[in-house]
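I opened the model to look up a few points. My entries follow in the order in which I checked them.

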Amino acid sequence: NFFIKGAVMTRMKKLPSKAYVSGYEYLIEEMSEKLHKEREAYGDCCNNQKLIRVYCGTALSAVRDTLLHEILHAIWHLSYLQNNEEEEKAISRIATALIGFFDDPRNSKVKSFLMDPSNDRPTTKTK
């Protein structure tokens, strides 16, 4: 998994092999160049097979955005939201906005708070 940045070839982080969405295991696979071109898509999500595919022949920022985008499709499906023409528009905007939120260093304290499972513990001691 390499991508070219300028004239320098850089090794990209390996995609995780699975994600758990509302308790369901989704396998994550790299989308082939051929499928990327055929579908004119950077990723897809098959809810019946619980499979997410992501094209990795692009910048890491686009891969991350695409992976989050496909996870949001899984959430949309598992939440029984109306499956209509607004789904793609909503998910595209939300995924890009969330990646921007996560990447903004000014949000480090909020991100840390949200991602820390110890925040679920009671703050007072019980006897």
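**Entry 1**

I began with D104, which counts as buried at 18% relative accessibility. I used these classes throughout: buried is under 20% relative accessible area, exposed is over 50%, and partly exposed is in between, with a 1.4 Å probe and protein chains only. The side chain of D104 meets that of R106 in a salt bridge, 2.6 Å from N to O. I counted a salt bridge when a side-chain nitrogen of Lys or Arg lies within 4 Å of a carboxyl oxygen of Asp or Glu. R106 is exposed, with a relative accessible area of 72%.

**Entry 1: ground rules**

This is a predicted model: local features need pLDDT of at least 70, side-chain atom pairs count only at pLDDT 80 or more, and totals for chains, interfaces and linings use all residues. Residues are numbered from 1 along each chain as its sequence is written, and side-chain values use heavy atoms, with hydrogens and water left out.

**Entry 2: the fold**

I listed the helices and strands next. The protein has 4 helices and 6 strands. Along the sequence they follow the pattern β-β-β-β-α-β-β-α-α-α. The elements are DSSP runs, numbered from the N terminus: helices are H or I with at least four residues, strands are E with at least two. Of the 127 residues, 32% count as buried.

How many salt bridges does the structure hold? I found 8. Side chains of opposite charge can pair when their charged atoms come close.

I looked at two pairs within helices. E38 bridges to K34, with the closest N and O atoms 3.6 Å apart. Both lie in helix α1 (residues 33-39), 4 residues apart, about one turn of the helix. E38 and K34 are both exposed.

K89 and E86 also meet in a salt bridge, at 3.8 Å from N to O. They are 3 residues apart in helix α3, so about one helical turn separates them. K89 is partly exposed at 41% relative accessible area. E86 is partly exposed too, at 39%.

**Entry 3: the largest pocket**

Rolling a probe the size of a water molecule over the atoms shows where empty space is left. The largest pocket has a volume of about 410 Å³. I took a pocket as an open set of points on a 1 Å grid over the protein atoms alone, where a 1.4 Å probe fits and protein lies on both sides within 12 Å along at least five of seven lines; lining residues have an atom within 4 Å of a point. The volume is the space filled by probe spheres set on the points, which are joined across faces, edges and corners.

Of the 13 lining residues, R64, L67, L68, I71 and I99 are the closest to the centre of the pocket. α2 (60-78) and α3 (86-103) each supply at least two residues of the lining. Which element gives the largest share? It is α2, with 6 residues.

The lining divides into 10 nonpolar, no polar and 3 charged residues. Here Ala, Val, Leu, Ile, Met, Phe, Trp, Tyr, Cys and Pro count as nonpolar, Asp, Glu, Lys and Arg as charged, and the others, Gly among them, as polar.

**Entry 4: a surface patch**

V110, F113, L114 and M115 form a nonpolar surface patch with about 450 Å² of accessible area together. Patch residues have over 30% relative accessible area and no salt bridge; nonpolar side chains (Val, Leu, Ile, Met, Phe, Trp, Tyr) are joined within 5 Å, like charges within 9 Å. Areas come from the Shrake-Rupley method with a 1.4 Å probe, and for residues only the protein chains shown count as cover. V110 sits in helix α4 (residues 108-115). It is partly exposed, at 40%.

I checked Y55 in strand β6 (residues 51-55). Is it buried or exposed? Y55 is buried, with a relative accessible area of 7%. Its C-alpha atom is 6.5 Å from that of S32, 23 residues apart along the chain.

C45 is in strand β5 (residues 43-46). It counts as buried at 19%. The C-alpha atoms of C45 and A74, 29 residues apart along the chain, are separated by 6.8 Å.

**Entry 5: backbone angles**

Most residues other than glycine have a negative phi. S22 has a positive phi of about 50 degrees, although it is not a glycine. S22 lies in the loop between β3 (18-21) and β4 (24-31) and is exposed at 55%. E40 also has a positive phi, near 50 degrees. E40 is in the loop between α1 and β5 and is exposed at 71%.
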